[in-house]
Structures are given as C-alpha cells and as structure tokens.
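Dear colleague,

Please find the structure below, handed over for your use. The findings follow directly after it.

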Amino acid sequence: MTINSAIRVIAGFFVLLSVALGAPASPLYVSSYWLWFSVVVGANLFQSGLTKWCPMETILKKAGVPGA
C-alpha cells in the first residue's frame, strides 16, 4: 500500500467512524460533537489539496510506508 492509498483509507475510516459515533441514529452513538471530527478531516483534505502538504503523509513517511 502506498502513502496516497493509505491516506485515502485513513481519511475514509475517520469520517465513517466519526459519523457512526456522532449520528443519533447509530448504534455506536456517543455524542453529536464527534461530527466535528468529520469537519476537521474534511478541512485537512481541503488544505492538503491546495497546499500539496498533508500531516498524515509526513507521519506515514516516518512510519516507513512506501511512497507513490
């Protein structure tokens, strides 16, 4: 798995997890404040698209995940 595909998988997992924890209809519901985590993930994806820099990419490089 390359860094680009790992970032997509991690971002998708974070969004699904935060919706599951923040949606009142979910059996995993904890608090609606978890929906703010989806906002943070979306904002990070937006800024990384504009700036070509992603904090998760830096973390994955240090963890030894191969590049594109």
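What covers the buried residues of helix 1 includes helix 2 and helix 3. Those buried residues are I3, A6, I7, A11, S18, A20, L21 and G22. Here buried means under 20% relative accessible area, exposed over 50%, and partly exposed in between, computed with a 1.4 Å probe on protein chains only. Helices are DSSP runs (H or I, at least four residues), numbered from the N terminus.

Please note that this is a predicted model, in which local features need pLDDT of at least 70 and side-chain atom pairs count only at pLDDT 80 or more, while totals for chains, interfaces and linings use all residues. Residues are numbered from 1 along each chain as its sequence is written, and side-chain values use heavy atoms, with hydrogens and water left out.

The 20 residues of helix 1 should span 28 Å at 1.5 Å a residue, which agrees with its end C-alpha atoms being 28 Å apart. The expected span is 1.5 Å times one less than the number of residues. L17 is found in helix 1 and is partly exposed, with a relative accessible area of 32%. From L17 to G64 the separation is 47 residues in sequence and 25 Å in space, C-alpha to C-alpha.

S38 lies in helix 2 and is buried, its relative accessible area being 18%. Apart from neighbours within four places in sequence, S38 is in contact (heavy atoms within 4.5 Å) with V15, S18 and V19.

Pockets

Rolling a probe the size of a water molecule over the atoms shows where empty space is left. The search used a 1 Å grid over the protein atoms alone: a pocket is an open set of points where a 1.4 Å probe fits, with protein on both sides within 12 Å along at least five of seven lines, and lining residues have an atom within 4 Å of a point. A volume is the space filled by probe spheres set on the points.

The largest pocket has a volume of about 230 Å³. Its lining consists of N4, I7, R8, A11, L45, S48, G49, K52, W53, C54 and E57. Helix 1 (3-22) and helix 2 (35-51) are the elements that give two or more residues to this lining, and helix 1 supplies the largest share, 4 residues. By class, the lining of the largest pocket has 5 nonpolar, 3 polar and 3 charged residues. Ala, Val, Leu, Ile, Met, Phe, Trp, Tyr, Cys and Pro count as nonpolar, Asp, Glu, Lys and Arg as charged, and the others, Gly among them, as polar.

The second largest pocket has a volume of about 190 Å³. Helix 1, helix 2 and helix 3 (55-62) each give two or more residues to its lining, with the largest share, 5 residues, coming from helix 2. The lining of the second largest pocket divides into 11 nonpolar residues, 1 polar and no charged.

Aromatic pairs

The structure holds 3 aromatic pairs. Rings of Phe, Tyr and Trp (its six-membered ring) pair if their centres lie within 6.5 Å; planes under 30 degrees apart count as stacked, over 60 as edge-to-face and the rest as tilted. F13 and F14 form a tilted pair, 6.3 Å centre to centre with 45° between the planes. The pair of W34 and F37 is edge-to-face, because the planes stand at 80°, with ring centres 6.4 Å apart. Ring pairs link F13, F14, W34 and F37 into a cluster.

Yours sincerely
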